[in-house]
2 protein chains.
Amino acid sequence: MKYFIGLFACLFFEMNLMAQEKVLTVEDLIPGGKTYTNFTPKTTYKVQWYGDDLVFSDENEIWIANPQKPDEKKTLLTQSELITLLNEKDINLNRLSFVSIENQPFATVFLPAKEKQFYLDLRNKTVAFEIPRKKDWANTDFCSENKRFVFTRENNLYISGTEGNTVAIAEDSNPYMVYGQAVHRNEFGIRKGTFWSPKGNFLAFYRMDETMVGDYPLVDIFKREAELKNIKYPMAGMTSHEVIVGIYELSTGKTTYLKTGEPKDHYLTNISWDPNEKYIYIAELNREQNHLQLNQYDITTGEKTRTLFEEHNDRYVEPENPLLFLKKTPDQFIWQSKRSGYNHLYLYDTTGKLIRPLTSGNYDITAALGLDEDEKQIFVVSNELNPIEFQVYKVNLKTAQKTQLTFEPGVHNAQLSLSGKYLLERFSHLNTPLNINLISAAVSTKYKPVRLQTAENPYKDYVFPKISLGSLKAADGKTDLYYHLIKPADFDPDKKYPVVIYVYGGPHSQMIKNDWLASARGWSLYMAQKGYIVFSMDNRGTSNRGFEFESVIHRQLGITETADQMCGVKFLQSLPYVDKERIGVHGWSYGGFMSTNLMLRHPEIFKVGVAGGPVIDWKYYEIMYGERYMDAPQENPDGYEQTNMNNLAGNLKGRFLIIHGDQDPTVVWQNSLSFLKACITARTYPDYFVYPGHGHNMTGTDRVHLHEKITRYFEDYLKYR
Amino acid sequence: MKYFIGLFACLFFEMNLMAQEKVLTVEDLIPGGKTYTNFTPKTTYKVQWYGDDLVFSDENEIWIANPQKPDEKKTLLTQSELITLLNEKDINLNRLSFVSIENQPFATVFLPAKEKQFYLDLRNKTVAFEIPRKKDWANTDFCSENKRFVFTRENNLYISGTEGNTVAIAEDSNPYMVYGQAVHRNEFGIRKGTFWSPKGNFLAFYRMDETMVGDYPLVDIFKREAELKNIKYPMAGMTSHEVIVGIYELSTGKTTYLKTGEPKDHYLTNISWDPNEKYIYIAELNREQNHLQLNQYDITTGEKTRTLFEEHNDRYVEPENPLLFLKKTPDQFIWQSKRSGYNHLYLYDTTGKLIRPLTSGNYDITAALGLDEDEKQIFVVSNELNPIEFQVYKVNLKTAQKTQLTFEPGVHNAQLSLSGKYLLERFSHLNTPLNINLISAAVSTKYKPVRLQTAENPYKDYVFPKISLGSLKAADGKTDLYYHLIKPADFDPDKKYPVVIYVYGGPHSQMIKNDWLASARGWSLYMAQKGYIVFSMDNRGTSNRGFEFESVIHRQLGITETADQMCGVKFLQSLPYVDKERIGVHGWSYGGFMSTNLMLRHPEIFKVGVAGGPVIDWKYYEIMYGERYMDAPQENPDGYEQTNMNNLAGNLKGRFLIIHGDQDPTVVWQNSLSFLKACITARTYPDYFVYPGHGHNMTGTDRVHLHEKITRYFEDYLKYR
């Protein structure tokens with residue numbers, strides 16, 4: 001067993017599990033398959049934080065342990081105790097999986113049928129309190145300070161009282177005025193639309209006016225007679241929605257809208273409360289996405305009180321993380337920025353003064369986990385040592401000194417206990433399914449982490465492909481690109497194998513990591529089992545490699561990415577066991593776009609392709625993501641023309657299957673349908689398939705059908721050519 | 001060369017054209033192909049009636065001849081004369097093809113750009129008069145008596161004045177109130193929505209209220225952002241539209257609506273004016289389509305004045321022809337009915353008294369051409385002698401004596417001259433592209449028709465398949481079914497050939513006739529050229545074979561038709577040169593439904609199928625056609641279940657390609673999309689393709705792509721299996 005250590009040029013590390021006799025099926029390997037969940041790595045117990053205590057659980061019991069003595073587990077709750085506890089409330093429940101712990105002081109149980117949420121004090125085995133919670137509330141956001149829910153119904157926003165009564169924060173007769181939901185199509189790290197103030201006296205919420213946005217018509221064919229289902233879809237270069245932020249004061253029921261001004265199609269991102277509840281901060285980005293202001297607003301007047309700082313980049317600025325305020329020094333916060341060319345942390349004060357950079361260097365901080373109890377250290381994750389491996393560090397806020405806390409080659413992530421005293425660390429590696437370790441926040445040098453749980457290899461009794469990791473040079477001749485290569489279990493170096501490249505290649509992605517099975521997807525394993533070599537590689541434009549690596553694709557999506565993937569193809573062609581005449585490609589979404597690029601820009605290379613939910617013409621994509629990378633069509637006409645797959649439809653030579661969900665709200669159907677028309681006009685002959693009722697991805701058991709369909713396509717046209 | 005004469009059991013007549021060296025391409029054989037029109041049989045001159053004179057024309061000149069001396073042609077109009085004639089009107093036109101003759105006293109020239117229509121007196125080379133005619137007028141209907149156009153714009157109805165001014169007959173703020181257009185989805189022989197009274201004093205018109213009809217959402221993906229395009233589509237068992245008939249009086253501008261009563265979702269068909277302009281007749285059918293009343297209405301009061309007679313049939317009654325009034329005995333008319341089990345003519349008077357049946361017997365009258373000058377004879381077409389051959393007859397109105405006027409085996413049709421003195425007769429036959437003959441209406445026994453024109457075989461220089469006609473027994477063991485069989489030009493009886501069945505099989509169709517190439521489609525010839533045997537057969541349920549043959553499919557569409565097609569398959573399997581393991585099927589629309597039936601009901605037989613625009617579930621089809629054959633879903637739940645292809649999706653074994661136009665307003669997309677979902681759920685694997693922007697059929701050059709796509713599918717999966 002070799003380990004994968006440090007940087008390398010082009011090494012192979014093979015995962016060579018003991019070949020056994022059982023054969024994996026599509027039902028085992030594809031999400032939605034009957035037996036798929038049997039193969040996710042499992043530990044004996046689930047481990048979580050409960051305050052600063054460890055909690056272990058299985059289906060029958062929940063145990064608690066002090067992190068200093070993790071082996072001394074004590075029963076916290078049994079099935080029968082849960083029954084007893086809730087019987088008092090006229091509830092008959094014995095399923096411990098309903099008890100949600102989530103690192104809070106209380107454990108919660110939500111029973112939609114009873115429309116109640118219970119807060120359990122597990123240590124004292126009591127129901128601390130209960131709160132009404134209706135099952136039709138969407139986007140629920142609970143504030144533990146004031147014990148209120150906010151929630152949405154249709155596009156309106158409500159707040160719950162303690163007796164189950166609810167009060168409207170915003171009710172609008174205009175159905176296209178959306179309150180309290182995530183805006184800007186969930187870009188810029190936006191995942192929700194409500195933000196409780198630290199003490200629970202105020203609620204900040206988004207209001208999005210979509211009235212002026214174009215409707216994209218979806219059609220539901222499962223109705224007796226097919227029915228229209230419009231969605232608001234703002235396309236690149238077209239009119240965008242308009243967002244403002246409201247501040248609702250609980251004591252008065254009054255809402256003040258912040259005066260965020262014009263032009264109204266700017267982006268209000270990363271809403272952050274000042275600990276004093278007097279100010280709120282918004283990272284404001286212009287529609288062109290090249291200029292950021294971090295602005296402070298007075299919540300009483302709604303006036304902008306200060307611009308703390310600005311960031312500019314000719315390509316784009318992409319704020320994705322809210323301010324992380326210090327509790328003990330509440331006029332200081334940590335800000336994440338790629339302004340140096342890599343994602344790093346900066347300590348600021350609320351006047352906008354940079355106190356100090358906390359991290360620096362030619363690598364990205366990929367996560368900020370939180371602060372220790374004394375707020376002297378911040379815990380972070382980065383791939384500084386190896387782009388495909390992730391280690392946990394702590395950084396001293398005063399000295400900016402960084403201490404590495406994890407060492408084993410592979411991918412580490414961690415979760416802090418409530419007060420920041422301990423870390424629960426999860427680790428995996430090409431050959432390591434999952435180890436859970438305990439780390440004390442106080443360690444300062446190398447130490448031995450406490451192993452809490454280890455997952456078995458779920459495939460140990462099965463015939464299994466050989467997976468290796470490696471790197472090669474990008475089309476620029478200098479940048480390292482990382483790949484994994486999967487070979488059939490009975491791989492014979494003297495034979496010639498057909499190759500399938502599974503590609504994604506778009507922003508916000510990293511497919512190749514030295515984690516369990518090197519992140520190989522079940523379908524890749526399935527294809528390897530069917531006798532294919534499967535190859536995946538992260539081209540430039542993907543994540544966690546700094547801003548230049550990621551943004552080189554600006555205004556010309558697909559061009560550099562395709563050139564890089566072709567370096568992967570050249571590498572494959574150099575392998576003696578690869579049949580150069582049998583190279584295929586498959587990808588979905590951006591990977592569908594990439595598959596289309598590869599099929600049409602290199603028709604002599606690719607014999608078979610399958611593109612799912614592909615972007616075909618970026619003018620049909622939405623504004624927020626689309627204009628970040630491509631600018632608007634009117635600003636970048638040449639770029640749109642050069643990257644429009646419809647213009648290359650006449651190049652098609654190989655067999656090419658395009659697949660789309662008829663309800664796709666992300667890459668709208670117009671993309672692949674327009675491509676069919678372009679091919680018809682150009683007299684080329686793609687194949688096509690539709691998954692009715694599915695959106696951007698096929699989910700549930702239909703996902704198994706999908707992958708069998710894709711597999712058959714390669715079996716028909718690539719395997720025996 | 002053998003001829004196809006009389007009835008037969010199972011004979012073969014091969015068309016064995018001289019094999020030449022040129023090879024036909026998809027562009028030659030498919031409509032929309034670059035060279036397709038080169039291969040329609042052409043005579044030297046076009047021949048038409050101009051009153052009772054013959055007119056011959058080509059691109060350069062128009063000639064006239066007395067039918068008694070057809071060889072003595074005289075110039076009627078030259079290109080330069082046309083220029084001179086219209087120069088007076090400030091028009092510069094030299095294209096004789098713009099001159100429309102249409103058997104009228106005047107020839108017409110419509111120039112949309114000038115928004116004028118000219119009426120030419122060709123004999124005197126003068127412009128008799130001109131009428132304003134705007135290019136945006138739709139459904140134009142000219143009345144030569146009053147020289148007015150009626151026309152529609154959006155869904156409203158207008159009448160033109162002589163000075164280009166127009167008057168609204170009906171303008172409605174409800175966009176779903178449709179005036180002056182064909183109703184009931186063009187079933188029941190309805191092709192238009194305006195009916196001028198004989199002397200031009202009144203206009204009868206349809207008003208269709210579609211407000212209560214469900215919208216089917218079509219989506220136009222060729223807009224910048226895809227756009228909704230709803231159509232009103234009344235589905236079987238759902239709420240139907242409501243039609244009434246208005247009578248507009250020109251002298252007063254007043255409209256009287258006929259009191260056609262309730263239930264309002266009945267069918268008002270075959271609107272016919274009484275010659276006296278006092279009454280109008282409507283063949284009224286209940287929504288169940290099993291009970292017809294021929295009703296007379298007083299146009300002044302709108303009251304129903306008489307029910308002349310009724311027809312009932314437990315399956316359905318299908319009136320398709322308006323009353324044909326006699327001019328010289330204007331209280332008598334001829335009515336067509338299948339009440340005897342075959343389509344025949346009946347002479348009635350306007351009190352509803354049957355004067356006499358004019359034709360009878362176990363065969364259908366397939367066309368009533370009109371009456372002779374003295375109104376003693378009516379000219380008809382029937383296939384009495386042979387179901388796949390059509391001869392012209394005249395029938396004496398007094399004696400019902402029938403005289404055969406054409407004799408040559410094959411398909412004859414004819415057009416009467418203005419007064420009914422002569423017939424211009426067009427004839428074709430398996431080996432005869434087109435002969436045009438002149439027949440005097442007065443002939444009483446066998447005679448020698450005058451040959452006016454003969455078309456050359458357009459394929460004479462090409463390698464050409466061998467086409468034969470034959471018959472076999474239906475699944476009932478007694479009914480004769482007719483087929484054509486096409487073999488490759490280089491057919492070798494010692495080889496084994498793959499077979500493609502091209503199927504339609506639905507009502508209102510007859511694919512197999514002894515006309516030019518036995519009605520073989522270009523694609524069938526193309527496939528034969530590629531080395532396939534191609535077979536087509538008319539099963540029970542198709543036309544021109546009497547009511548029992550046609551209506552046996554009632555309440556169970558596809559069941560009998562499939563059983564009959566399987567008799568064709570057994571016949572094919574009995575042929576020594578047919579490879580039983582390589583049988584495929586293709587059809588469109590009802591033929592797509594039939595292809596699906598054959599693939600799913602006989603998965604062991606059919607290796608490959610291609611279904612275009614297929615009905616999958618009759619509940620998604622429209623009311624008028626659908627309920628005639630299937631009744632409503634609530635009346636025939638078992639029938640709908642048994643004929644629903646979605647219920648058989650799990651049977652799919654062979655390769656099956658479904659094709660649909662995304663704008664299909666006839667067989668809506670819901671059909672094939674729901675089938676994909678049924679297959680996905682059943683884990684079967686059809687293939688699919690979409691022609692964006694196309695309706696129920698692919699037209700223009702895209703039709704060539706379509707047939708190349710279909711051909712490739714058989715080449716991929718059937719040819720070399």
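Q: Starting with the hairpin of E21(B) and E22(B), which residue there takes a positive phi?
A: In this predicted model, Gln289(B) takes a positive phi near 65° in that hairpin, which has 5 residues between its two strands.

Q: And how many bridges join E21(B) to E22(B)?
A: Strand E21 of chain B, residues 279–285, is joined by 7 bridges to strand E22 of chain B, residues 291–298, and the two run antiparallel. Within that pairing, Leu285(B) stands opposite Leu292(B), which belongs to E22(B).

Q: Which residue in the turn between E22(B) and E23(B) has a positive phi?
A: That is Gly302(B), with a positive phi of about 80°, and the hairpin formed by E22(B) and E23(B) has 5 residues between the strands. The pairing of E22(B) with strand E23 of chain B, residues 304–312, is in the antiparallel sense and extends over 7 bridges, with Gln293(B) standing opposite Glu310(B) of E23(B).

Q: What joins E30 to E31 in chain B?
A: Strand E30 of chain B, residues 391–396, is joined to E31(B) by 3 bridges, with the two strands running antiparallel. Tyr393(B) stands opposite Gln404(B), a residue of E31(B).

Q: Let me jump to Asp579(B): where is its place?
A: Asp579(B) has its place in strand E40 of chain B, which covers residues 578–588.

Q: What is Asp579(B) in contact with, leaving aside its neighbours within four places in sequence?
A: With those neighbours left aside, Asp579(B) is in contact with Lys496(B), Tyr497(B) and Pro498(B). As for Asp476(B), which is 103 residues apart from Asp579(B) along the chain, the C-alpha atoms of the two are separated by 26 Å.

Q: Over to the chain pair: how many residues of chain A are in contact with chain B?
A: There are 32 residues of chain A in contact with 32 residues of chain B. On the side of chain A that touches chain B, at least two residues each come from strand E16 (215–220), strand E17 (227–232), helix H9 (670–682), strand E43 (687–691) and helix H10 (702–717) of chain A.

Q: Which element gives the most to that side?
A: H9(A) gives the most, with 6 residues on the side of chain A that touches chain B. By type, the residues of that side divide into 18 nonpolar, 5 polar and 9 charged.

Q: Last topic, chain A as a whole: what does its radius of gyration agree with?
A: Chain A has a radius of gyration of 27 Å, which agrees with the value near 27 Å for a compact globule with 721 residues. Along the principal axes, the C-alpha atoms of chain A fill a box of roughly 70 × 60 × 60 Å.

Q: How many helices and strands does chain A come to?
A: The secondary structure of chain A comes to 10 helices and 43 strands, and buried residues make up 48% of its 721 residues.

Notes: Residues numbered from 1 in each chain as written. Chains lettered and ligands numbered in written order. Predicted model: local features only at pLDDT ≥ 70, side-chain atom pairs only at ≥ 80, totals over all residues. Contact = placed C-beta atoms within 7 Å. Helix = DSSP H or I, 4+ residues; strand = E, 2+ residues; numbered from the N terminus. Nonpolar A, V, L, I, M, F, W, Y, C, P; charged D, E, K, R; others polar. Pairing = 2+ DSSP bridges. Rg over C-alpha atoms; globule rule 2.2 N^0.38 Å. Buried ≥ 20, exposed ≤ 12 C-beta atoms within 10 Å, placed from the backbone.
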